[in-house]
Amino acid sequence: MTPFAVRRQQIWSLLAIILLPWCQTPPALGAEANGNAADDTLRLHLRTRVETFKGSGAWDEVTMTKVLPVKETAIIICDMWDKHWCPSASKRCDALAQKMAVVIAAAQAKGIPVIHAPSECMDFYRDTPQRRRILQVPRVSPPASLVLSEPPLPIDASDGGCDDDPPVKSYKAWTRQHPAIPIAENDVISDNGDEVYSALRQRGIKNLIIMGVHTNMCVLGRSFAIRQMTRWGIRCVLVRDLTDAMYNPKKPPFVSHDEGTELVIQHIEKYWCPSGLSKDLMQSGPHNP
């Protein structure tokens, strides 16, 4: 090989090194953990509510199937703490965490991005790579919030919603996310809506699947949760079998705890977003029934 040819080869090699990072498409949030092309879609069977005759107050249940690309979809786990101030709520969350752990592990294996959002617990995770990773994401200014409204919630939780007898006093019982829920290497941790929105926008994520507690409080009201994300144009889906409500049946409308939770889920389906079931997250691809 002539000296000129050697020099030309060296120049092309140098250019390839310089240009390669700019030619590559950035992976979806969390996708570094798994690149399985066979699991590139989610087929979700969604439930929503429609007031067919406007102003009638009568809502019809409607079901539909949506196929979502994994690269445009993330999961966020809302306030699944290690301990709750209400013992009965804490017991239900323990059972929920065990069920959720299997679903999250399957989602992580499929490369679905997972955001862990245990509010008021960021100090516990401050030195973890999952926390540092989202802090390094450049901030994106959210759009003007959509003007959306809703009537009052269908259950009364003015007493805090704890159904223990005798009642217990509220206090900050949590320090971290429930340890049963796996946190993968490429997940992220945040309880801040601006951080979460920026991470979603950076990776082109349009759909946010929400699970955790509690439907009538944090799942609706946190800065990273259903109301705010919907107002910012993110398409949300509530996993209705991986959630719970804070509700005391001694308060209106005087129904069981499970019925109270279902009433809030229906409220969300009417005014905010559809709901789905966790079994759909265990499957993938448009071919599944």
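1. Residues 24 or more positions apart supply 83% of the contacts in the protein chain that have a separation of 6 or more; a contact means heavy atoms within 4.5 Å. The model is predicted: local features need pLDDT of at least 70, side-chain atom pairs count only at pLDDT 80 or more, and totals for chains, interfaces and linings use all residues. Residues are numbered from 1 along each chain as its sequence is written, and side-chain values use heavy atoms, with hydrogens and water left out.

2. The protein chain has 7 helices and 8 strands. These elements are DSSP runs numbered from the N terminus, helices being H or I with at least four residues and strands E with at least two. Of its 289 residues, 46% count as buried. Buried means under 20% relative accessible area, exposed means over 50%, and partly exposed lies in between (1.4 Å probe, protein chains only). The accessible surface of the chain is about 14,500 Å², and carbon and sulfur atoms hold 57% of that surface. Accessible areas come from the Shrake-Rupley method with a 1.4 Å probe; for residues, only the protein chains shown count as cover.

3. Strand β4 (residues 114–117) is covered on both faces: Val114 and His116 are buried on one side, Ile115 and Ala117 on the other. Strand β3 (residues 73–78) pairs with β4 in the parallel sense over 4 bridges, where pairing requires that DSSP finds at least two bridges between two strands. Ala117 in β4 is the bridge partner of Cys78. From β3 the chain passes through α2 to β4, and this β-α-β crossover is right-handed; that is, with the strands pointing away from the viewer, the path from the first strand over the helix to the second runs clockwise. Strand β5 (residues 188–189) also pairs with β4 in the parallel sense, over 2 bridges. Here Val188 in β5 stands opposite Ile115.

4. Helix α7 (residues 257–271) has 15 residues and reaches 22 Å from its first C-alpha to its last, close to the expected 21 Å. The expected span is 1.5 Å times one less than the number of residues. Among the buried residues of α7 are Gly260, Thr261, Val264, Ile265 and Ile268. An α-helix has 3.6 residues a turn, so residues three or four places apart point the same way. The cover over the buried residues of α7 includes β1 (41–50), α2 (87–110) and β7 (235–244).

5. The C-alpha atoms of Gln266 and Trp59 are separated by 9.6 Å, although the two residues are 207 residues apart along the chain.

6. The whole structure holds 4 aromatic pairs. Rings of Phe, Tyr and Trp (its six-membered ring) pair if their centres lie within 6.5 Å; planes under 30 degrees apart count as stacked, over 60 as edge-to-face and the rest as tilted. Trp59 and Tyr271 are edge-to-face, 5.4 Å centre to centre with 65° between the planes. This pair links distant parts of the chain, 212 residues apart: Trp59 is in the loop between β1 and β2 (60–69), Tyr271 in helix α7. Trp59 is partly exposed at 24% relative accessible area, and Tyr271 is partly exposed at 27%.

7. The pair of Trp81 and Trp174 is stacked, because the ring centres are 3.6 Å apart and the planes stand at 10°. Trp81 is in the loop between β3 and α2, and Trp174, 93 residues apart from it, is in the loop between α3 (129–135) and β5. Trp81 is buried, with a relative accessible area of 6%, and Trp174 is buried with 9%.
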